[in-house]
Amino acid sequence: MSSSSPRPLLVVDGDSLAHRAYHALPKSFRRAEGRPGNALLGFSNFIMRLWDSERPRAVLVGWDSLDTPTYRHELFDAYQSGRVFDDDLLEQLDLLPELVRAFGFAAAKAPGYEADDFLAAAARKEEKRGGQALVVTSDRDAFQLASEHTTILQPTRGVSELARIGPDQVQERYGVGPAQVPDFIALRGDPSDKMPGARGVGPKTAASLLTQYASLEAMLEDGRFAAQAEELRTYRRMATLDASAPLPPLKNQTPKWAEASTFVRELGLNALADRVAALSKS
């Protein structure tokens with residue numbers, strides 16, 4: 001980032017990065033008393049690298065509420081069905097929002113919302129105040145947020161490399177613009193969320209139809225997919241991120257390296273605690 005550029009708001013999909021860290025680092029890695037620590041370590045390393053490379057004005061990390069159904073579950077019973085997380089990962093997911101706050105950053109988690117919804121709310125709020133947002137996630141649903149003022153940072157190798165996705169890159173990858181992404185997902189489907197999409201429609205057909213009609217609604221009004229019309233409207237709503245998700249204050253932040261070091265040491269991650277403590281002296 002140029003020193004003359006305004007400092008961006010860094011918005012992070014906590015669950016996405018925690019999962020990547022958990023699977024990228026050996027599960028045999030343990031902290032004090034033999035408790036799991038690989039996701040805590042990998043996530044901390046990633047957040048520190050992001051802060052150093054992007055120099056944001058503030059950081060917000062959004063989290064899923066795994067124990068509370070969202071409106072997406074209520075709309076579609078099969079939504080995300082069959083997902084099972086390791087107990088070691090769940091234990092670390094419970095600790096990570098507190099770790100984020102120990103770093104001096106903001107964490108957002110609320111019943112009925114997913115991490116993606118907080119990303120949408122924060123990016124839109126930052127745009128309205130005339131700022132720039134960087135959205136860090138491996139979930140391509142967030143491509144709908146790409147704009148002149150919001151860039152998606154997508155991990156490409158574990159959590160070590162990031163691709164920068166703007167409107168042009170969304171168009172190159174999907175063949176549609178960011179505003180069409182929810183319609184594209186509704187048509188194509190999303191296997192990871194158990195969303196079937198339109199029968200017989202894959203990515204290329206979905207993009208071609210959206211080039212022709214501009215929107216799913218225009219297709220339905222023209223009589224396309226008549227037997228599935230309400231299903232597809234439901235899928236589109238599920239794929240649309242909820243920018244009304246409640247946010248904590250997003251004032252400019254200064255990392256609390258010393259406090260974070262203390263917290264990390266209490267978790268039994270002493271080597272990480274030493275590295276974080278060193279940042280408070282630099």
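**View 1. The second largest pocket of the predicted model and its lining.** The second largest pocket holds about 200 Å³ of space. A pocket is an open set of points on a 1 Å grid over the protein atoms alone where a 1.4 Å probe fits, with protein on both sides within 12 Å along at least five of seven lines; lining residues have an atom within 4 Å of a point. Points are joined across faces, edges and corners, and the volume is the space filled by probe spheres set on them. The lining consists of Asn45, Met48, Arg49, Trp51, Asp52, Arg55, Pro255, Trp257, Leu279 and Ser282. Helix α2 (residues 38-54) gives the most to this lining, with five residues. Helices (H or I, at least four residues) and strands (E, at least two) are DSSP runs, numbered from the N terminus. By class, the lining has five nonpolar, two polar and three charged residues. Ala, Val, Leu, Ile, Met, Phe, Trp, Tyr, Cys and Pro count as nonpolar, Asp, Glu, Lys and Arg as charged, and the others, Gly among them, as polar. This is a predicted model, in which local features need pLDDT of at least 70 and side-chain atom pairs count only at pLDDT 80 or more, while totals for chains, interfaces and linings use all residues. Residues are numbered from 1 along each chain as its sequence is written, and side-chain values use heavy atoms, with hydrogens and water left out.

**View 2. Strand β2 (residues 58-62) between its pairing partners.** Five of the five residues of β2 are buried, so the strand is largely enclosed by the rest of the structure. Buried means under 20% relative accessible area, exposed over 50%, and partly exposed in between (1.4 Å probe, protein chains only). Ala58, Leu60 and Gly62 are buried on one side of β2, and Val59 and Val61 on the other. Strand β1 (residues 9-13) pairs with β2 in the parallel sense over five bridges; two strands pair if DSSP finds at least two bridges between them. Leucine 10 stands opposite valine 59. Strand β3 (residues 106-108) also pairs with β2 in the parallel sense, over three bridges, and alanine 107 of β3 is the bridge partner of valine 61.

**View 3. The salt bridge between arginine 164 and glutamate 54.** The closest N and O atoms of this pair are 2.4 Å apart. Arginine 164 lies in strand β6 (residues 161-165) and glutamate 54 in helix α2, so the pair ties together parts that are 110 residues apart in sequence. A salt bridge is a side-chain nitrogen of Lys or Arg within 4 Å of a carboxyl oxygen of Asp or Glu; the structure holds 14 of them. Arginine 164 is partly exposed, at 46% relative accessible area, whereas glutamate 54 is buried, at 5%.

View 4. Arginine 236 and glutamate 217 meet in a salt bridge (3.3 Å, N to O). Arginine 236 lies in α10 and glutamate 217 in helix α9 (residues 216-221), so the pair ties together parts 19 residues apart in sequence. Glutamate 230 forms a salt bridge with arginine 233, with the closest N and O atoms 2.5 Å apart. Glutamate 230 is exposed, at 52%, and arginine 233 partly exposed, at 24%.
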